[in-house]
Amino acid sequence: MAEMSGAEDTGGEAGPGATAGVGGAAGAVGAAGVGGASGTVAPDCPEEIRRALAAHTTMTLAYVDEDGPQACAVLYASGAGDGGAGGVEAGGSSGGASGGASGVAGAGAVGAGPALYFVTATTTRHGRALVEPGARVAFTAQQDGQEWSGLTGLQGRGRCRPLTGAERAAGWQVYVERFPFVTASDRLRAALERTTLWELRPDWLRLIDNGQGFGHKEEWSGR
């Protein structure tokens with residue numbers, strides 16, 4: 001199961017983790033694979049995919065470091081109601097304070113994937129690997145014990161970054177609303193408040209939903 005403590009991991013242990021590679025409070029376009037030199041704006045992530053992300057709470061992150069590929073399981077909370085806009089309005093040139101329901105301003109751009117928040121220490125193997133500039137992750141999210149006829153799941157790729165200041169406070173609120181047991185325990189809350197909160201912004205997502213037909217897929221790309 002997903003590790004909540006952020007303690008050091010040495011191999012295949014499950015534990016939250018990710019990367020710093022997304023633009024900061026200025027909301028730089030292109031950091032999450034959105035926009036680019038031409039300033040083009042990617043389409044918004046479909047609502048069906050956002051709802052599926054919000055319905056799950058565990059994802060498996062895959063990454064690569066000097067020892068090769070590795071994966072870890074993390075609990076996450078989705079700011080899927082944020083409309084995909086973290087800080088750059090369409091046609092705009094800089095980040096603003098117009099973050100949506102997640103309340104995190106400057107986190108991305110119009111068309112950026114929904115923000116996914118998780119907790120892990122930068123001393124974990126994945127924390128060390130994913131804080132490297134340019135590091136990327138792939139991930140899946142699904143529930144156990146599903147019947148094949150109604151199976152749903154998500155695949156994605158993107159970048160992560162540690163949050164600080166007002167952005168951390170806003171992301172933390174999303175996280176504890178999704179996992180109220182965190183604030184119900186003084187010991188757990190204190191431990192996690194001392195640990196790094198990360199944001200993952202996908203730039204590619206695929207929803208698989210057999211309930212709409214075997215092998216039914218819906219994809220979104222913000223690159």
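**Ground rules.** Since I'm working from a predicted model, local features need pLDDT of at least 70 and side-chain atom pairs count only at pLDDT 80 or more, while totals for chains, interfaces and linings use all residues. Residues are numbered from 1 along each chain as its sequence is written, and side-chain values use heavy atoms, with hydrogens and water left out.

**Entry 1: the count.** I looked up salt bridges (a side-chain nitrogen of Lys or Arg within 4 Å of a carboxyl oxygen of Asp or Glu). The structure has 8 of them.

**Entry 2: R161 and E167.** I found these two side chains joined by a salt bridge, at 3.0 Å from N to O. Buried or exposed? I checked R161. R161 is buried, at 5% relative accessibility, and E167 is buried too, at 12%. My cut-offs: buried is under 20% relative accessible area, exposed is over 50%, and partly exposed is in between, using a 1.4 Å probe and protein chains only.

**Entry 3: R189 and its partners.** Next I went to helix α5, residues 186–193. (Helices are DSSP runs of H or I, at least four residues, numbered from the N terminus.) R189 forms a salt bridge with D186, with the closest N and O atoms 2.9 Å apart. R189 and D186 sit 3 residues apart in the helix, so about one helical turn separates them. R189 also bridges to E193, at 3.9 Å. Those two are 4 residues apart in α5, again about one helical turn.

Entry 4: I noted D186 as exposed at 56%. R189 is partly exposed at 26%, and E193 is partly exposed at 41%.
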